[in-house]
Amino acid sequence: MTDKRRAKRRLILETATALFSQRGYQATRMQDIAFQLGMQAGSLYYYFESKEALLSAVVEANVGLAVRELDAIVSGPGTAINRMRAAVASHLAVFDRQSDLYKIFVSERLDAIAPELAEAVDELGRAYEQRWVSLIGEGIATGELRSDLDPWLTMKAVVGLCNSTLFWFTSDGRLATADVADAFSGLVVEGLAAHPELA
């Protein structure tokens, strides 16, 4: 693939991601994407054979980012509490950079569009959650976090809190992503720490 074709393909993916997020996958036509790009609709099929193939490319190009970043944090140095703070910040930063993509996940039934794609996304979601469960379990084992915590339930609460920002947060508003990350990580750590005064 030439550099020019690669750049054009990337631009198509970015435009499709934004339109799928704004209008919904079903309501977005290939003609709409082509119009946004100043292209003939038929030219899109030179890059993607169908709208479903385009959606699959959008997801596959980006969906593993959060898992890879969390992997690096969980396996990295520092206390469990400090890594939890970093994990919250990472989660929110990924959402800020890829909000259009993640809005597609919460608004579309991917299994009705492309079952294999939906399964791949679900698998990555389970992997992401498992990293959190491991980190929380480690914090309990080291005595940094409360011993009465259920790691799975705690993960659901923390990830759910972070996921809620998709519905109300924009980085061009009153708060920056770092402000929300600081506030959320404070709430999480102080609520879960065995010794909040030391967290």
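**Exercise 1. What percentage of the contacts in the protein chain with a separation of 6 or more comes from residues 24 or more positions apart?**

Solution. The structure is a predicted model, in which local features need pLDDT of at least 70 and side-chain atom pairs count only at pLDDT 80 or more, while totals for chains, interfaces and linings use all residues. Residues are numbered from 1 along each chain as its sequence is written, and side-chain values use heavy atoms, with hydrogens and water left out.

Step 1. A contact means heavy atoms within 4.5 Å.
Step 2. Among contacts in the protein chain with a separation of 6 or more, residues 24 or more positions apart account for 68%.

**Exercise 2. Determine how many helices and strands the protein chain contains.**

Solution. Step 1. Helices (H or I, at least four residues) and strands (E, at least two) are DSSP runs, numbered from the N terminus.
Step 2. The protein chain has 11 helices and zero strands.
Step 3. The C-alpha trace spans about 60 × 35 × 30 Å along its principal axes.

**Exercise 3. Describe how helix α10 packs against helix α11.**

Solution. Step 1. Axes are lines fitted to C-alpha atoms, for helices over the stretch in contact, and angles run from 0 to 180 degrees between N-to-C directions.
Step 2. The axes of α10 (residues 151–163) and α11 (residues 177–192) come within 11 Å, crossing at roughly 165°.
Step 3. That angle makes α10 roughly antiparallel to α11, a term for angles over 145 degrees.
Step 4. On the α10 side, Thr 154, Val 158, Leu 161 and Cys 162 meet Phe 184, Val 188 and Leu 192 of α11.
Step 5. By class, this contact has six nonpolar, one polar and no charged residues. Ala, Val, Leu, Ile, Met, Phe, Trp, Tyr, Cys and Pro count as nonpolar, Asp, Glu, Lys and Arg as charged, and the others, Gly among them, as polar.

**Exercise 4. Is Thr 17 buried or exposed?**

Solution. Step 1. Buried means under 20% relative accessible area, exposed over 50%, and partly exposed in between (1.4 Å probe, protein chains only).
Step 2. Thr 17, a residue of helix α1 (residues 3–23), is buried because its relative accessible area is 11%.
Step 3. Not counting residues up to four places away in sequence, Thr 17 touches Val 58, Asp 100, Leu 101 and Ile 104.

**Exercise 5. Locate the surroundings of Leu 124.**

Solution. Step 1. Leu 124 belongs to helix α9 (residues 115–141).
Step 2. With a relative accessible area of 27%, Leu 124 is partly exposed.
Step 3. Leu 124 touches Val 63, Gly 64 and Val 67, not counting residues up to four places away in sequence.
Step 4. Leu 124 and Gly 64 are 60 residues apart in sequence, yet 6.8 Å apart in space, C-alpha to C-alpha.

Conventions. Angles under 35 degrees count as roughly parallel, over 145 as roughly antiparallel, 65 to 115 as roughly perpendicular and the rest as oblique.
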